[in-house]
Amino acid sequence: MLTCKDISETATDHLEGKTSFASRLSFYLHLLYCKYCRRYYRQMKLTIRTIQKLPEAKDSEEFPDDAEIDRVFEKLREQS
Ligand SMILES: [Zn+2]
């Protein structure tokens, strides 16, 4: 039986589809009865989806300006 710690350690692999059928089964079984991990997993998916929608920075060391940060928070508010 997986623990909440196992879930947090393997959530990214599950999101990226890097896990076996058996491990997916026990992962989702845990989510069925643990509302905390369900919430954690949902937030993680939302965060990754939001990041994927961000425009790519021209310079990897460039920090987003305030307007860009506001847009991200606006997207997060719309989706929650
Ligand atoms: Zn849990």
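1. How are α1 and α3 oriented to each other? They are roughly parallel, a label given to angles under 35 degrees, with over 145 counted as roughly antiparallel, 65 to 115 as roughly perpendicular and the rest as oblique. Their axes come within 10 Å and cross at roughly 30°. Axes here are lines fitted to C-alpha atoms, for helices over the stretch in contact, with angles from 0 to 180 degrees between N-to-C directions.

2. Basis of the note. This is a predicted model, in which local features need pLDDT of at least 70 and side-chain atom pairs count only at pLDDT 80 or more, while totals for chains, interfaces and linings use all residues. Residues are numbered from 1 along each chain as its sequence is written.

3. Overall make-up. The protein has 4 helices and 0 strands. The order from the N terminus is α-α-α-α. Helices (H or I, at least four residues) and strands (E, at least two) are DSSP runs, numbered from the N terminus.

4. Overall dimensions. The C-alpha trace spans about 45 × 25 × 15 Å along its principal axes.

5. Helix α1. This helix covers residues 4–15, 12 residues in total. From first C-alpha to last, α1 reaches 16 Å, close to the 16 Å expected at 1.5 Å a residue; the expected span is 1.5 Å times one less than the number of residues. G17 follows α1 and has a positive phi, near 70°.

6. The α1 contact with α3. The crossing is right-handed, meaning that the near helix is turned clockwise from the far one by less than a right angle (anticlockwise is left-handed). From α1 come C4, I7, S8, A11 and L15; from α3 come Y36, C37, Y40, Y41, M44, K45 and I48. Contact requires C-beta atoms, placed from the backbone, within 7 Å. By class there are 10 nonpolar, 1 polar and 1 charged residues. Nonpolar covers Ala, Val, Leu, Ile, Met, Phe, Trp, Tyr, Cys and Pro; charged covers Asp, Glu, Lys and Arg; the others, Gly among them, are polar.

7. The α3 contact with α4. Helix α3 (residues 35–53) and helix α4 (residues 66–79) have axes that come within 11 Å and cross at roughly 135°. The pair is therefore oblique. This crossing is right-handed. L46, T50 and K53 of α3 make the contact with V72, K75, L76 and Q79 of α4. These residues divide into 3 nonpolar, 2 polar and 2 charged.

Notes. Two residues are in contact if their C-beta atoms, placed from the backbone, lie within 7 Å.
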